[in-house]
Amino acid sequence: MAKNLLIVESPAKAKTINKYLGKDFQVLASYGHVRDLVPKEGAVDPDHGFRMRYDLIEKNQKHVEAIAKAARGAEGIYLATDPDREGEAISWHIVEILKERGLLEDKDLHRVVFTEITPRAIKEAMANPRQIAGPLVDAQQARRALDYLVGFNLSPVLWRKVQRGLSAGRVQSPALRMIVEREEEIEAFVAREYWSIEAECAHPSQAFTAKLNKFDGKKFEQFTITDGETAEDARARIVAAANGALHVTDVVSKERKRRPAPPFTTSTLQQEAARKLGFTTSRTMRVAQKLYEGVAIGEEGTVGLITYMRTDSVNLSADALTEIRDVIARDFGTRSLPDKPNFYQTKSKNAQEAHEAIRPSSALRTPAQVAKYLDDDGRRLYELVWKRAVACQMVPATLNTVSVDLAAGSDHSFRASGTTVVFPGFLAVYEEGKDQKAAEDEDEGRKLPLMKPGERVPLERINANQHFTEPPPRFSEASLVKTLEEYGIGRPSTYASIIQTLQFRKYVELESRRFRPTDVGRAVSKFLSSHFTRYVDYDFTAKLEDELDAVSRGEEEWVPLMERFWGPFKDLVADKIESVDRSQATGARELGTDPKSGKPVSVRLGRYGPYAAIGSTAEDAEDKPKFASLRPGQSMHTITLADALELFLLPRKLGEDKGEEVSVGIGRFGPFAKRGSVYASLKKEDDPYTVDLARAVALIEEKEEIARNRIIKEFAGSDIQVLNGRYGPYLSDGKLNGKIPKDREPASLTLEEAQKLMEETGKPARGRFGKKTAAKKAPAKKAAPAKKAVKKAAKKVAKKTAKKAAAKKATKKTAKKAAAKTASRAPAAGDASRDADDAPF
């Protein structure tokens, strides 16, 4: 057995490092976190110093056992989990588990940290071990406890006041608020009309355009002209004043430098990968993880290609700088190499966590050299990281901007600008992307002809162009990450999980790669902003992040931080459970009155989404209200009375076919056509409000044809049928489904063979929402007949029904308590993801 045990987080990393260490080392992976808070109330106990109850994560239990077994026989234990507070916490949890089992007596325990998986970096880390950093562990524990307390206490409030199954999180909630507030800005936006005037100049050496910048002796601004009539009048006056030519009055040439962007942090990598490669944040992190953990590079073997990808540092090591400068001199010439390395200011206050920026582990490995060893995603992301790291150490680009003023008579003038690259510098390798182009970007790369003051430039024509102001754009993944970082919300490892959670909960949807909040998301955000204002406040969330950072630096204790948060939060939750009206919480809106019935028309959020109602929804209302689901694309926050009334045109009676009425309607599972007792779903291209009788009948006939072809064979005196299914032929008696051997022709089966196959392979048939139950296969001799199995299943159902009935009889108080308890339990089942910020969200 190996003398030493080295523990990392991922199996890929373990495999790579195993090749670098000798036979004296055994390398095992923890597969991420090994313990998490128990998923029940009381996992964090505020009354006893926020004591936390942990349990082994079930899926990683076997990996923990393997580590414990190896630790028993090892002389030295090296903890080499990731170099951030999450990694530090994983090392601490492993030590706690080994301590509890008495496996650390007389053992040498070392914490080793490296930000790249290369032989040099690992050798250096092993030569310089340290102890587990308590402040980093405290910071991670405090974050986990905060997220647990918010999730377990705020989510049940949402269940009771907004909709069952919802949840809230400490960091995701402010991010959701950002998206919702942007949507409200867009809805409130009123477009303004404005006109621009442009001259087309026919210079002998090169045609170009110029924009009006002075009109009637005054500066021409965006809203100087706001209607077509005034614009046409102005155009005509300028044409008359110009008399066929513009006169050059001034030529200004300015040279400026543009510095390269710093090397990648987690945030900027995610932003650029979204802009340039179209990657989601989670895809970027997944691909970066593979590049970091190791890729087989020909004879060189498995090597980590980039440094650790969860960082907010822009620092580069001395070795990396030397190597990058050698590459620049070799591939781009000494003119592209500054006299001294470029240094960038990091935003991180955490000296203990200030690792390197994301860079290639060796700049000598060019994208072209490693391309054949990588898949397409890996190749593209590695190229992005390599180019950014090399470009950041190159000289600035030298740009020349020329601006020319051209007069049209004495009262009007135009300006034309062009920018050319004098020396590309870093632009020869890489240019940072932008979410929105600035006005000066339009002049980039535009070259003007040589002109001198006093020169006459022939005028081709003058155009007046209509424009309208545009609302602010919805957030893309790149712009959302950038804004979260600017506000100080979340940390490098959490941006991807924030976005994933918002989408998973269906609080937001991606529409043309931009985030649009759903009605549920808006209801949650509005409720939290109205009643838990402080806890979705951007400054409050950012301040809490700073306090956690202070804990990680050892400047603050974590328990007092928790106490300051918990007291006011607990009191507010208790108050809101009692005081908030549900209809207010869901964002219900009164739209007006139904002209036919005179009853109020409203929109509300229900269990299955937003719906419209005609009539009062109060329990004591005399008449039952009519309900209709909103159509896809409609929002309860913007729907008008007319649109809502249109929803009640369904079900529509289309006529008769074969002596039965044909109608269309919308059910829980979407729009359908119906004839008698036969239902057929409408296709995507069919609109239930306009579909005609012929089309509805065609869909119903198609459904019946499929049903007719479904039966391959029936047996007289038996319920068993041979049927065509989605995955091929199978047997069924309506209660059990059985398999047919692949080498057997289904139509040739006899009743005896079918019965035998049902006994051997029969499993309970699954309904549309039935759970897949793994039935234990009994030996052939003792196989229970089909009827017996059905009887057994029926007994189970009856037992469950009886239990439910008994529960209903519970007192109101008990039921209320049980509901609250259930609500508080549900969010805790969240996966303790390596990148998660608010696990219970």
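This is a predicted model: local features need pLDDT of at least 70, side-chain atom pairs count only at pLDDT 80 or more; totals for chains, interfaces and linings use all residues.

Residues are numbered from 1 along each chain as its sequence is written, and side-chain values use heavy atoms, with hydrogens and water left out.

Helices first. Please find α17, residues 558-579. What is the angle at which helix α5 and α17 pack? Helix α5 covers residues 134-161, and the angle is about 0°, with the axes 11 Å apart. Axes here are lines fitted to C-alpha atoms, for helices over the stretch in contact, and angles run from 0 to 180 degrees between N-to-C directions. That angle makes α5 roughly parallel to α17. The cut-offs are under 35 degrees for roughly parallel, over 145 for roughly antiparallel, 65 to 115 for roughly perpendicular, and oblique for the rest. On the α5 side, the contact includes A142, L146, L149 and V157; on the α17 side, W558, L561, F565 and F569 are among the residues involved. Contact means heavy atoms within 4.5 Å. By class, the residues of this contact are 15 nonpolar, 1 polar and 4 charged. For the classes, Ala, Val, Leu, Ile, Met, Phe, Trp, Tyr, Cys and Pro are nonpolar, Asp, Glu, Lys and Arg are charged, and the others, Gly among them, are polar.

Helix α17 also meets α16, residues 538-552: the two axes come within 10 Å and cross at roughly 160°. That makes α16 roughly antiparallel to α17. The crossing is left-handed, a term for a near helix turned anticlockwise from the far one by less than a right angle, with clockwise being right-handed. In α16 the residues are F540, L544, E547, L548 and V551, and they meet W558, L561, R564 and F565 of α17. This contact has 7 nonpolar, no polar and 2 charged residues.

Now the strands. Two strands pair if DSSP finds at least two bridges between them. Strand β18, residues 508-511, and strand β19, residues 514-517, run antiparallel and are joined by 4 bridges. E511 stands opposite R514 of β19. The hairpin has 2 residues between its strands.

One of the open sheets has 4 strands in the order β20-β21-β22-β23, with antiparallel pairing. Direction ignored, neighbouring strands are turned by 25° against each other on average. Between β20 and β21, residues 600-606, there are 4 bridges, and E590 has S602 in β21 as its bridge partner.

Another open sheet runs β24-β25-β26-β27, again 4 strands with antiparallel pairing. Here β24 and β27 are at the edges. The twist from one strand to the next averages 25°. Helix α20, residues 693-710, packs on this sheet and touches β24, β25, β26 and β27. The direction of α20 makes about 105° with that of β27.

Last, some single residues. Is I225 buried or exposed? I225 has 1% relative accessibility and counts as buried. Buried means under 20% relative accessible area, exposed over 50%, and partly exposed in between, with a 1.4 Å probe and protein chains only. I225 sits in the loop between β11 and α7, and among the residues that I225 touches are Y194, W195 and F220.

Most residues other than glycine have a negative phi, and most peptide bonds are trans. S512, in the loop between β18 and β19, has a positive phi near 55°. S512 is exposed, at 70% relative accessible area. K658, in the loop between β24 and β25, also has a positive phi, about 55°. K658 is exposed too, at 61%. Finally, the peptide bond joining L650 and P651 is cis, with omega about -5°. P651 lies in the loop between α19 and β24.

Notes. Lists of a residue's contacts leave out its neighbours within four places in sequence.
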